[in-house]
Amino acid sequence: MKIRMCLIIAVTVMVMVPSVMAEKDRGNQMVLPEWGIITVPDNIYMDAGKQSVITAQKYNNDMGRMLDAIYPAVPRTYQLIKKEGASFHYGYLLQYTLGSWDFKQLVNGKTVKFDRPDYLQDQGAADISMYVTHINNRLRTSLPSGFNLIQPMQPVKISGNTFYEGIVERSMIINAAVFQEMMHVIVWQRGGVVEITVVMGSADDEESLIRPVMVMLENAKVVKQTERIDI
């Protein structure tokens with residue numbers, strides 16, 4: 001009887017443990033304004049805030065200021081930190097939300113004021129597919145010295161959504177060693193609104209940090225304006 005009871009308990013534990021582990025591996029849900037609900041992996045810390053980056057050393061290490069010189073708009077900024085053993089890996093996420101009119105201004109290199117009436121925002125909604133060539137040309141010609149567009153913006157379809165993604169790289173010599181930083185860009189059109197995110201970090205952390213964050217953004221749960229967000 002005792003043996004049978006022990007077997008029952010053992011089987012019950014074996015069934016429960018994978019479920020608990022699966023629940024734990026689901027990550028932490030977080031609302032990214034205008035983007036949706038994202039699931040941040042358990043081993044990645046993400047919070048609103050600024051992160052100093054070597055790439056923007058000419059701009060007092062402020063990436064927002066540097067990007068403003070290329071595409072003048074104000075982003076939301078998030079710190080990214082991943083812990084692996086005793087090591088910490090740092091990244092940065094910048095998010096822009098633009099109306100159609102503002103997006104057209106941004107692509108043309110004009111300052112975005114975010115104060116246009118709704119009826120102007122709705123007139124002639126921007127179709128990203130028509131602007132991709134122009135965006136890539138601006139990235140090739142407007143990036144500061146040392147920056148390279150290594151993957152032009154191109155469409156990526158995931159779960160029914162079409163994202164336009166590209167990669168910019170910057171190589172520097174620091175303490176006689178080559179330091180390479182990567183910037184992955186996602187442009188996503190949602191009706192009359194265009195979302196842009198820039199995920200950046202060291203090239204050494206591309207697979208361990210940058211790519212998981214990209215997957216997190218690509219698989220966000222879209223929330224309609226009339227839908228309640230409850231996490």
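Guide: Contact here means heavy atoms within 4.5 Å. You're looking at a predicted model, where local features need pLDDT of at least 70 and side-chain atom pairs count only at pLDDT 80 or more, while totals for chains, interfaces and linings use all residues. Residues are numbered from 1 along each chain as its sequence is written, and side-chain values use heavy atoms, with hydrogens and water left out.

Visitor: How many helices and strands does the protein have?
Guide: Both are DSSP runs numbered from the N terminus: helices are H or I over at least four residues, strands are E over at least two. Counted that way, the protein has six helices and nine strands.

Visitor: What share of the 231 residues counts as buried?
Guide: Buried means under 20% relative accessible area, exposed means over 50%, and partly exposed is in between, with a 1.4 Å probe and protein chains only. By that cut-off, the buried share of the 231 residues is 42%.

Visitor: And what fraction of the accessible surface belongs to carbon and sulfur atoms?
Guide: The areas come from the Shrake-Rupley method with a 1.4 Å probe; for residues, only the protein chains shown count as cover. The surface comes to about 13200 Å², and the carbon and sulfur part of that is 54%.

Visitor: In what order do the seven strands of the open sheet run?
Guide: Two strands pair if DSSP finds at least two bridges between them. The edge strands, pairing on one side only, are β3 (44-48) and β6 (147-158). From strand to strand the twist averages 20 degrees. With antiparallel pairing, the order is β3-β4-β5-β9-β8-β7-β6.

Visitor: How many bridges join β8 to β9?
Guide: These two strands form a hairpin with two residues between them, and G191 there takes a positive phi near 65 degrees. M182 faces G201 of β9. The strands run antiparallel, and the bridge count is 10.

Visitor: Which residue in the turn between β7 and β8 has a positive phi?
Guide: β7 and β8 pair in the antiparallel sense over 12 bridges, with E165 opposite I186 in β8. Their hairpin has two residues between the strands, and the turn residue with a positive phi, about 55 degrees, is N175.

Visitor: At what angle does α3 run to β5?
Guide: Axes are lines fitted to C-alpha atoms, for helices over the stretch in contact, and angles between N-to-C directions run from 0 to 180 degrees. Helix α3 (residues 100-107) lies across β5 (87-99) and β9 (193-202), and its angle to β5 is about 115 degrees.

Visitor: Is T197 buried or exposed?
Guide: T197 sits in strand β9. Leaving aside neighbours within four places in sequence, T197 is in contact with W35, L94, Q95, H184, V185, I186 and L217. At a relative accessible area of 0%, T197 is buried.

Visitor: Which residue forms a salt bridge with E218?
Guide: A salt bridge is a side-chain nitrogen of Lys or Arg within 4 Å of a carboxyl oxygen of Asp or Glu, and the structure holds two. In one, E84 joins K82 with the closest N and O atoms 3.6 Å apart; K82 is buried at 8%, whereas E84 is partly exposed at 38%. E218 is buried at 4%, and its partner, with the closest N and O atoms 3.1 Å apart, is R211.
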